[in-house]
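Have a look at the sequence and the 3D view below. Then let's walk through them together, one part at a time.

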Amino acid sequence: MSIAPASADRICAVVPIKGVVGAKQRLAAALDADQRSALAMAMAEDVLEVLAAVPELFRVLVVTADATVAALASKYGAEVTDAQASEGHTGAVTGGARRLVREGFSMITLPGDLPLLAPADVSRVIAAHRAAGADGHPGFTIAPARDFQGSNAILMTPADAVPLRFGSNSFYPHLDAARAQGIEPTVVEVPGIGFDIDEPQDLADFLITTAQTRAGRLVADFGPDFSARLAAHLERAAPAGMEAGR
Ligand SMILES: Nc1nc2c(ncn2[C@@H]2O[C@H](COP(=O)(O)OP(=O)(O)OP(=O)(O)O)[C@@H](O)[C@H]2O)c(=O)[nH]1
Ligand SMILES: O=C(O)[C@H](O)COP(=O)(O)O
C-alpha cells in the first residue's frame, strides 16, 4: 500500500460521533434518553456546520455507525466512514487517522459535543500548528478542555504521528505521548474548543450562555423549570459545605 507524504496544508477534520442511541450517559441525572439524544444530535449538527465553514480544512470525515448521523454529515458535505466506528472514541479516531495516512492528510480531530465552537477557533489551532513549523515535519498541536483533563482538539502531521488514548484524563498523557515520539507538543487554549458538555454542571454553564445555536435553542426549549431543576440537582450532588461547581 502506498502512503502519500503528509502536509500541514492538507488537513482533514475527523469527528467521531457515537450516534443517537446511548449518547451522553453522564447527563442521565439531568436529561431523559430522548433529551440526551436530541442534545447530542443538535451539538453534532452545530459542529458539522462550523467545520464546513473553516477555510483551511480540505475535508471533514465523520466516523459513525449511526445512519441518522451519516445523513447529517452528508448534508454538510462531510465524508462518512464506519471503520472502527463502534470501538469507542479512541478506536473511531484511530480508524479515521489510518485512512488519512494512506491519503496523505494531516488530521485535526474534535468531538461532536463542543456547543460554543466557531470556525475561527479551528483556524487558531491550525495557525498554531503551522507556526510551530509542522509542515513537512511530524507535529502535534492540542487544545485542552477547560479543566485540562480532556483533549478537545488534536492536530497531527502525519495523521498518526502520536498514538492517542482518549478518556477521562487524557490531556497530560497526550503531551507525554507526543514527547515519547520525539515531538514537542504545541498547546493552544481556545475557549470555544475547551467547552464541552459532559456533566450536568456543563449543561448549567451552557444554559447561561444563551447561545443562539441548535443546541442553545434546544436547551432553552427544555422549559422554564429546567434550569431550576438542574440547579437543585447540582445543589444535591455537591459535597456538603461546597458550592455546586467544577
Ligand atoms: N464513532 C464513535 N464515536 C464515539 C464513541 N464513543 C464516543 N464517541 C464520540 O466521541 C466524542 C466524545 O464522546 P464522550 O464524551 O466520551 O461520550 P458521549 O457519548 O458524548 O458521552 P458519555 O456517554 O457521557 O460518555 C463524542 O463526539 C462522541 O459522540 C464510539 O464508540 N464511536
Ligand atoms: O480524552 C478526552 O478528551 C475525552 O475522551 C473526550 O471526551 P469527553 O471530554 O467528552 O469525555
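## Before we start

Keep in mind that this is a predicted model.

## Ligand 1 and its surroundings

Let's begin with ligand 1, which sits in the largest pocket. There are 16 residues around ligand 1, and the closest are Pro16, Lys18, Lys24, Gln25 and Ala85. Sorted by class, this shell holds seven nonpolar, four polar and five charged residues. Helix α3, covering residues 88-103, gives the largest share of the shell, with three residues.

Now for the polar contacts. Pro16 uses a polar backbone atom, which is 2.7 Å from an oxygen atom of ligand 1. With Lys18 it's the side chain that takes part: one of its N or O atoms is 2.7 Å from an oxygen atom of ligand 1. Gly88 comes in through its backbone, with an N or O atom 2.9 Å from an oxygen atom of the ligand. As for cover, ligand 1 has 610 Å² of accessible area on its own, and the protein covers 85% of it.

Where does ligand 2 sit? Ligand 2 is in the largest pocket. The residues around it are Arg26, His89, Asp113, Gly150, Ser151, Phe166, Gly167, Ser170, Asp196 and Asp198. By class, that makes one nonpolar, five polar and four charged residues.

Side chains supply the contacts listed here. Arg26 has a side-chain N or O atom 2.8 Å from an oxygen atom of ligand 2. For Asp196, a side-chain N or O atom is 3.1 Å from an oxygen atom of ligand 2, and for Asp113, a polar side-chain atom lies 3.3 Å from one. The protein covers 88% of the 310 Å² of accessible area that ligand 2 has on its own.

One pair to look at is strand β1 (residues 7-16) and strand β4 (residues 105-109): they run parallel, and five bridges join them. To spot this pairing in the view, find Cys12, which stands opposite Met107 in β4.

Terms used: Residues numbered from 1 in each chain as written. Chains lettered and ligands numbered in written order. Predicted model: local features only at pLDDT ≥ 70, side-chain atom pairs only at ≥ 80, totals over all residues. Heavy atoms only, no water. Near = heavy atom within 4 Å. Polar contact = N/O pair within 3.5 Å; in protein donor to acceptor, adjacent residues only side chain to side chain. Areas by Shrake-Rupley, 256 points an atom, 1.4 Å probe, with all protein chains shown as cover. 1 Å grid on protein atoms, 1.4 Å probe; cavity = no way out; pocket = protein on both sides within 12 Å on 5 of 7 lines; lining within 4 Å. Sits in = over half its atoms within 2 Å of the grid points. Helix = DSSP H or I, 4+ residues; strand = E, 2+ residues; numbered from the N terminus. Nonpolar A, V, L, I, M, F, W, Y, C, P; charged D, E, K, R; others polar. Pairing = 2+ DSSP bridges.
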